[in-house]
Each structure stands twice: as structure tokens, then as C-alpha cells.
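The exercises below concern the structure shown here.

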Amino acid sequence: MKYLEYLEAYREIKQKEIEEVMKYYKTEPVGSGYIDIITPFAHIEKFIEELTNIKVVVECVTWWCHSSEKNTEQYGCPHGMGGPVSSYFDGWFSEMGFEFETFEIPTDDLEQLNDDSQLQTKIGLINDTILSYINDLSKAREYSKCMTPALWLHVPEEWKRIRYMK
Ligand SMILES: [Zn+2]
């Protein structure tokens, strides 16, 4: 079965699985869907690993500044525009705007998921690419410790979160 067809076929189960791991790793989704899932840097590796385990692909990364009182003192936050108040931590998240703010998996790579052979391997490879990018960027000169990655999941566009309450 093709990747997106597989997600549709098991929609209810997949949405529950995704939202369980989102909650477990204290992520902060912006909006009603599965894009801009702000994830504490300390949890990003495990979160992506779990997404691979439940066969969910990450297609894009954006960056948010975590404007806590401490970060503001140390790093001069906020570094971006408006954003949500954190549900789990002190402060709020501000959407950053600079040249390497987003990283996207090329459409050609996502299209390979339409061929169901070795699907799990392909999902793992794409998600590893995402994690490497995040780890590399965290070592860049421009990186500040307030910077928090947000993941966009590759799921059917019309999907809304079950637990969207705000
Ligand atoms: Zn900042």
C-alpha cells in the first residue's frame, strides 16, 4: 500500500498514535493540524525515532525561538514574530525568520513513498535526514540555544488533530 493510502486506511489508529507521542515528548503544535509541531530540543531525537516506528514521515522543519525569562536574559529573545504560549514550559514560542529557517524533503523523495516496496526503510531514511539536518544546524555559528525545531508531518492535508482544543 502507498504511504498516504496506508495512513488513510488506518486513520483513527494513526492519529491516536501520533498524538500520543506528541504529548509524551511535550510538543507544542501550532494550529489545528500536524504542521509546526514545536519540539523541545532534548526530545527531538526520540520523537523522530518514535515517528519512524509508527511509520510517519517528517517532511519539513521550521525554527521557533523559545522566549523564556532565562533565555531572554541569556540570548536576547524573542528572535521572531508572535506565537503560542508554552503549555509545558515557562515562556512562549516566537516564529523565527531567517534564511535557513526551513528545511524541506524534496518532492521527488516524498514521491518514492508511492511505491510501497521497502516502505519502512524509506521512512527511516527520510526521518534520519531530518534529524541530521537539525543536529548539523545546532552546531552552526548562527545557532542560539533558544532555537527550537518544529516538525511538519507528511499526512493527508485535511487531517485535523483529534485533541485540537485551543
Ligand atoms: Zn531567542
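**Exercise 1. The zinc site**

How are the donor residues of the zinc ion spaced in sequence? Identify the donor atoms, and then classify their arrangement.

*Solution.* The structure is a predicted model, in which local features need pLDDT of at least 70 and side-chain atom pairs count only at pLDDT 80 or more, while totals for chains, interfaces and linings use all residues. Residues are numbered from 1 along each chain as its sequence is written, and side-chain values use heavy atoms, with hydrogens and water left out.

Step 1. The spacing of the donor residues is C-x11-C-x1-H-x66-C. Since C65 lies in strand β3 (residues 58-67) and C146 in the loop between α6 (119-137) and β6 (147-153), this pair ties together parts that are 81 residues apart in sequence. Helices (H or I, at least four residues) and strands (E, at least two) are DSSP runs, numbered from the N terminus.

Step 2. Donors are N, O and S atoms within 2.8 Å of the metal (3.2 Å for Na, K and Ca); water is not among the atoms, so sites may look incomplete. The protein donors here are SG of C65, SG of C77, ND1 of H79 and SG of C146, at 2.0 to 2.3 Å from the zinc ion.

Step 3. Four donors count as tetrahedral if all angles lie between 85 and 135 degrees. The angles subtended by the four donor atoms are 99 to 119°, so the arrangement is tetrahedral.

Step 4. Buried means under 20% relative accessible area, exposed over 50%, and partly exposed in between (1.4 Å probe, protein chains only). C65 has a relative accessibility of 0% and therefore counts as buried; C146, also with a relative accessible area of 0%, is buried.

**Exercise 2. The surroundings of the site**

Which peptide bond is cis, and with which residues is N71 in contact, leaving aside its neighbours within four places in sequence?

*Solution.* Step 1. The cis peptide bond joins C77 and P78, with omega about 0°. P78 is found in the loop between α4 (69-75) and β4.

Step 1. N71 belongs to helix α4 and is buried, its relative accessible area being 11%.

Step 2. Contact means heavy atoms within 4.5 Å. With neighbours within four places in sequence left aside, N71 contacts H66, G76, C77 and C146. Among these, C77 and C146 are donors of the zinc ion.

**Exercise 3. The two sides of helix α2**

*Solution.* Step 1. The expected span of a helix is 1.5 Å times one less than its number of residues. Helix α2 (residues 11-24) has 14 residues and should span 20 Å; its end C-alpha atoms are 20 Å apart, so the two values agree.

Step 1. The buried residues of α2 are K14, Q15, I18, E19, V21 and M22. They cover an arc of only 160° around the axis, and therefore lie on the same side of α2. The arc is that of the directions from the helix axis to the C-beta atoms.

Step 2. E12, E20, K23 and Y24 are exposed on the other side of α2.

Step 3. The packing partners of the buried residues of α2 are α1 (3-9), β1 (28-29), β2 (37-38), α3 (44-53) and β6. In helix α3, F47 has V21 and M22 among its contacts beyond four places in sequence. F47 is buried, with a relative accessible area of 0%.

Step 4. α2 is followed by K26, with a positive phi near 55°. K26 lies in the loop between α2 and β1 and is partly exposed, with a relative accessible area of 35%.

**Exercise 4. The pairing of strand β3**

Which strands pair with β3, and how many bridges join each pair?

*Solution.* Step 1. Two strands pair if DSSP finds at least two bridges between them.

Step 1. β3 and β6 are antiparallel and are joined by seven bridges, with T62 opposite A150.

Step 2. β3 is also antiparallel to strand β5 (residues 103-104), with two bridges; here C60 stands opposite E104.

Step 3. With strand β4 (residues 92-95), β3 forms four bridges in the antiparallel sense, and S67 stands opposite W92.

Step 4. As for accessibility, nine of the 10 residues of β3 are buried.

Terms used: Tetrahedral: all angles 85-135°; square planar, octahedral: opposite > 155°, others 65-115°.
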